[in-house]
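Dear colleague,

Please find below the structure that I am handing over to you. My findings follow it, and I would be grateful if you would read them alongside the model.

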Amino acid sequence: MKLKKTQAIAAIFGLMVIVVLFFIFRTPSQYAQHLDSKQNGLRMLADFISKEQPGEHVLVISNPFVLRPDASDRIKDHDAAGFAGLQSGFPEGTQIEKVYPEISADYQQNPNAVYIPPNSSTPLSFLVEASSFDSLAEANPDHPILVSLIGLPAGHKKLNVWKKAHPAKFAFLRPDFRILGGRSQVREQFENGKILAALIDDKTTGAPLVVTKSNIEEVLKTQPKSLGF
């Protein structure tokens, strides 16, 4: 009798293990869901850009740390997911070039000496050479749309590509627009067309949201933290 009871308990326990394992492997991990959200959001961003600037070639500015031999799998995963999302959102035949700015000399000499503002969504803004953005644009003059997956670099005001007269137009992934100054500066760059769009996580729904000239004012009023403020 005791043996049968033990066998029954073991059978129930085994069934519970099977059920738990089923849900573990059936349910995507939070990390996988995060990558999927990034990829889907960038697909939306690319779709918007392609409608606003049809036929234009695109320069994707990505994380230069992915090129280092010690790059983690997570860095590689995010780099791949970001580019795949953009590729899937632009029409077939769109020329998309992925490029990497230089890592700043200050960071390479002493990583701890580089100041990064607290809670910045784009720490790479402070770890890359700003002049690289000009160099990359000059090397790809027929790619006027710059989609930055790493933010706008500190020192951007000195860049040719950031000047109003320069044909380059920007789109950003989850930007920290505090780097531009105040909210009025953000509005100005959307109004003059230097910033085409930005992809954020909508604080009300949790879904990706493409910020454009038409809704920037609403976003700044209702969820400024989504833009770093």
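Over the face of which ring does K98 lie? The ring is that of F83, and K98 is 4.8 Å from the ring centre. A charge is taken to sit over a ring if NZ of Lys or CZ of Arg is within 6 Å of the ring centre and within 35 degrees of the ring normal.

Some conventions come before the rest. The model is predicted, with local features requiring pLDDT of at least 70 and side-chain atom pairs counted only at pLDDT 80 or more, while totals for chains, interfaces and linings use all residues. Residues are numbered from 1 along each chain as its sequence is written, and side-chain values use heavy atoms, with hydrogens and water left out.

Overall architecture

The chain contains 7 helices and 6 strands, where helices (H or I, at least four residues) and strands (E, at least two) are DSSP runs numbered from the N terminus. Their order from the N terminus is α-α-β-α-β-α-α-β-β-α-β-β-α. Of the 229 residues, 42% count as buried; buried means under 20% relative accessible area, exposed over 50%, and partly exposed in between, with a 1.4 Å probe and protein chains only. Among contacts (heavy atoms within 4.5 Å) with a separation of 6 or more, 71% join residues 24 or more positions apart.

Helix α3

Helix α3 covers residues 73-89, 17 residues in number, and reaches 24 Å from its first C-alpha to its last. This is close to the expected 24 Å, the expected span being 1.5 Å times one less than the number of residues. Buried in α3 are D79, A81, G82, F83, G85, L86 and G89. The buried residues of this helix pack against α2 (30-52), β1 (58-61), β2 (96-99) and β3 (145-148).

Aromatic pairs

A search of the whole structure gives 5 aromatic pairs. Rings of Phe, Tyr and Trp (its six-membered ring) pair if their centres lie within 6.5 Å; planes under 30 degrees apart count as stacked, over 60 as edge-to-face and the rest as tilted. F65 and Y107 form an edge-to-face pair, 5.5 Å centre to centre with 85 degrees between the planes. Because F65 lies in the loop between β1 and α3 and Y107 in helix α4 (residues 105-109), the pair ties together parts that are 42 residues apart in sequence. F65 counts as buried, at 10% relative accessibility.

The rings of F172 and F177 are also edge-to-face, because their centres are 5.8 Å apart and their planes at 90 degrees. F172 is buried at a relative accessible area of 0%, and F177 is buried at 2%. Both belong to one aromatic cluster formed by W162, F170, F172, F177 and F190.

Pocket and cavity

Grid points are joined across faces, edges and corners, and a volume is the space filled by probe spheres set on the points.

The largest pocket has a volume of about 330 Å³. Of its 15 lining residues, K38, H78, L124, L149 and L173 lie nearest its centre. The elements that give two or more residues to this lining are α2 and α3, and α3 provides the largest share, 3 residues.

The search finds 1 cavity of 30 Å³ or more. The largest cavity has a volume of about 40 Å³, and its lining includes F172 and F177, together with T122, S125, G151, L152, P175, D176 and I179.

Loop residues

N119, in the loop between α4 and α5 (131-139), has a positive phi of about 65 degrees although it is not a glycine. N119 is exposed, at 76% relative accessibility. R174 also has a positive phi, near 40 degrees; R174 is in the loop between β4 (169-173) and α6 (183-191) and counts as buried at 18%.

F126 also lies in the loop between α4 and α5. Leaving aside neighbours within four places in sequence, F126 is in contact with residues including S104, V114, A154 and I179.

Yours sincerely

Key
1 Å grid on protein atoms, 1.4 Å probe; cavity = no way out; pocket = protein on both sides within 12 Å on 5 of 7 lines; lining within 4 Å.
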